[in-house]
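Here is my notebook from an afternoon of looking things up. Please keep the picture open and follow along with me.

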Amino acid sequence: MPNPALLSGGGLSTAATSVELLVVVGYLLVALLVGLLAYRLTGTDAEDYYLASRSLGTLVLLFTTFATLLSAFTFFAGPNLAYAQGPEWILVMGTMDGILFAILWYLIGYKQWLIGQQHGYVTLPEMLGDRFGSTRLRGLVAGVSLFWLFPYVMLQQMGAGEALVGLTDGAVPYWGGAALITVFMILYVGLAGMRGVAWTDTIQGLFMLGVIWIAVAWVLSAIGGPAVAAAGLEANNPTFLALGSSFYTPQYIISTAVVIAFGVTMFPQINQRFFVAESAAVLKRSFTLWPVLVLLLFVPAFLLGTWAAGLGVSVPEGANVLPVLLGEYTPAWFAALVIAGAMAAMMSSSDSMLLSGSSYFTRDLYRPFVEPAVTADREAWLARGGVVAFATGTFLASLTRPGTLIQVGSTAFGGFAQLALPVMVALYWPKTTRLGMLAGIGGSQLLYLSHVFVPTVPIDVGGVTIALFARTYGGWDVALAGMALGAALTIGVSWVTTAGIDEAAERFVVSAD
Amino acid sequence: MNPSMRAVGWLLAFAIVVAGAVPWFLWGNSQLIGGLPLWLWWHIGWMIVATAVFAAFTRHGWDRYLGGIDA
């Protein structure tokens, strides 16, 4: 049944809009309170602020990693894509996150955890810089990571802005939603460290898993079951139900799944979680539960987007499909609750990003390059100041709306993915050298950056026109080529160079080697 | 089973888990079961299989290749 508030005139609609806003702001405030409580339990040293003293148990580690993936990319970009192109996005994200990422969780995550236990590292750049005796490498990895973090934080603000447009039918403008989440992000990250973020992540992860299934049940009972939705799809979008399309080609599915999976491991907020598990048992349990958890979230979220297409739900320009669908088939307060939950989860994810980003900034850039003798107090203030500046910058950039959520997100994932293979080579091949790492990371970034920023140039090769600097070649994402180049350069240059005396390969040796 | 055979076994198991997550053999198929595409049911089942493989790996393979913290 359509929501009467959406159909009726001004008065009722305004009342409904204020109910929705009240629910959203109220929920965000509660999330903030939980963060504050956690903050009161937090110590003041860096290890606790960033890593919660390496003490996270299975449930909390699993959900805090999971919740970091609970971003605008999952809640809004995913359903939007399923609405526009069909439900195959479930396969892309399931394969990427449930399987490829889980395997990398072992290969990169567990290895980093073992190394971190021995040497007390807090960040990836710190670990690499120490192993290769190179402040330059440390700075490069931190700089590259912060660069690609920028569009991903921006994506959350874009998602929030578009969600409130959809939820309130345009009564709250795009910039209003983006500004709201920015304010909460800054408040929140200033008040809580990793422990605060980890606890709210867990609560919000559980909450979102619950409400997304309630949303599915509600929508299905309103329309009369999945068969009705499928019949609508057969009538409106007959190609949606068949596996594959001109959009979802095998090249697209494989490229996207591979690039995002490798990219995710190099996200500062995910990578930092590889250092925080309390024990190996925690990592093992999380690894095992991962595919099921991923399934429980992605299937309902993306099916809702798909069904919206079958039901002929029309999405206003610049809004997300999920809030619009819920607005039509569930009561206003419930739709608002789901969107509030999604925004709170995004806020929590963004905070993880900002928090990890600020540790990269202070520990791996400011301290080594600007002021080695910085006091802990001053560093803490710099971290918070950095977060405010970064979040304000991403907010301003989000107002320009440079692409769809999927485009902005994929670009960021591609940038991070370039780091993954050089890091894996370093983790597993003791003969890797500093120059090999600098060449592998520098070369792959240059290739990828040129394809993101240089306009496409058509060239003629033997009578065939090829678009140079396009994002895909023959349907394959150029990020894959960058990854291959990064691996080849890291191995090739390491092969022909000798390690300096300050390079310490034994730092990456763990007990089974 | 000798150690290298075992390693190849795990490698093969993971390769199969990765390759089968997308049901390539159902390409273009639009058959529905209970209102959802057959290929989606395959994916759901496959993720549960993946969890079982991962669970077995944590018991029998995990420590063997990268070691434990106190070994």
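I began with a word I needed throughout: buried means under 20% relative accessible area, exposed means over 50%, and partly exposed lies in between (1.4 Å probe, protein chains only). With that in hand I looked up Arg507(A), which is partly exposed with a relative accessible area of 26%.

**Ground rules.** I noted that this is a predicted model, where local features need pLDDT of at least 70 and side-chain atom pairs count only at pLDDT 80 or more, while totals for chains, interfaces and linings use all residues. Residues are numbered from 1 along each chain as its sequence is written, chains are lettered from A and ligands numbered from 1 in the order in which they are written, and side-chain values use heavy atoms, with hydrogens and water left out.

**Chain A.** I looked up the secondary structure, where helices (H or I, at least four residues) and strands (E, at least two) are DSSP runs numbered from the N terminus. Chain A has 20 helices and 4 strands. Of its 513 residues, 61% are buried. I then checked contacts, meaning heavy atoms within 4.5 Å. In chain A, 85% of the contacts with a separation of 6 or more join residues 24 or more positions apart.

**Chain B.** Here I found 3 helices and 2 strands, in the order α-β-β-α-α along the sequence. Buried residues make up 41% of the 71 residues in chain B. Of the contacts in chain B with a separation of 6 or more, 59% are between residues 24 or more positions apart.

**Where the chains meet.** How many residues does the contact take from chain A and from chain B? I noted 47 from chain A and 39 from chain B. For the next entry, buried area is the accessible area (1.4 Å probe) that two parts lose on being put together, summed over both. Chain A and chain B bury about 3600 Å² between them, and 80% of it is on carbon and sulfur atoms. On the side of chain A, Ile99(A), Tyr106(A) and Leu243(A) lose the most area to chain B, together 19% of what that side buries.

I also looked for salt bridges, each being a side-chain nitrogen of Lys or Arg within 4 Å of a carboxyl oxygen of Asp or Glu. The rule finds 1 across this interface. Lys284(A) forms a salt bridge with Asp63(B), with the closest N and O atoms 3.1 Å apart. The elements of chain A that give two or more residues to this side are helix H6 (89-119), helix H11 (226-236), helix H12 (250-266) and helix H14 (280-310). The largest share, 16 residues, comes from H6(A).

**The end of chain A.** Val510(A) is found in the segment after helix H20 (478-496) of chain A. Is Val510(A) buried or exposed? I wrote down buried, because its relative accessibility is 3%. Val510(A) and Ile115(A) are 395 residues apart in sequence and 6.8 Å apart in space, C-alpha to C-alpha. Leaving aside neighbours within four places in sequence, Val510(A) is in contact with Lys111(A), Leu114(A), Ile115(A), Gln118(A) and Leu66(B).

Then I went back to Arg507(A), which forms a salt bridge with Asp130(A), the closest N and O atoms being 2.8 Å apart. Arg507(A) lies in the segment after H20 and Asp130(A) in helix H7 (residues 124-131) of chain A, so the pair ties together parts that are 377 residues apart in sequence. Asp130(A) is partly exposed, at 32% relative accessible area.

Over all chains the count comes to 9. Glu379(A) and Arg367(A) meet in one of 2.9 Å, N to O. Glu379(A) is buried, with a relative accessible area of 9%, whereas Arg367(A) is partly exposed at 28%. I also noted a network of salt bridges linking Arg434(A), Asp502(A) and Glu503(A).

Most residues other than glycine have a negative phi. Asp169(A) has a positive phi of about 60° although it is not a glycine. I found Asp169(A) in the loop between helix H8 (135-167) and helix H9 (174-191) of chain A. Arg401(A), also not a glycine, has a positive phi of about 45°. Its place is in the loop between helix H17 (376-398) and helix H18 (405-428) of chain A.
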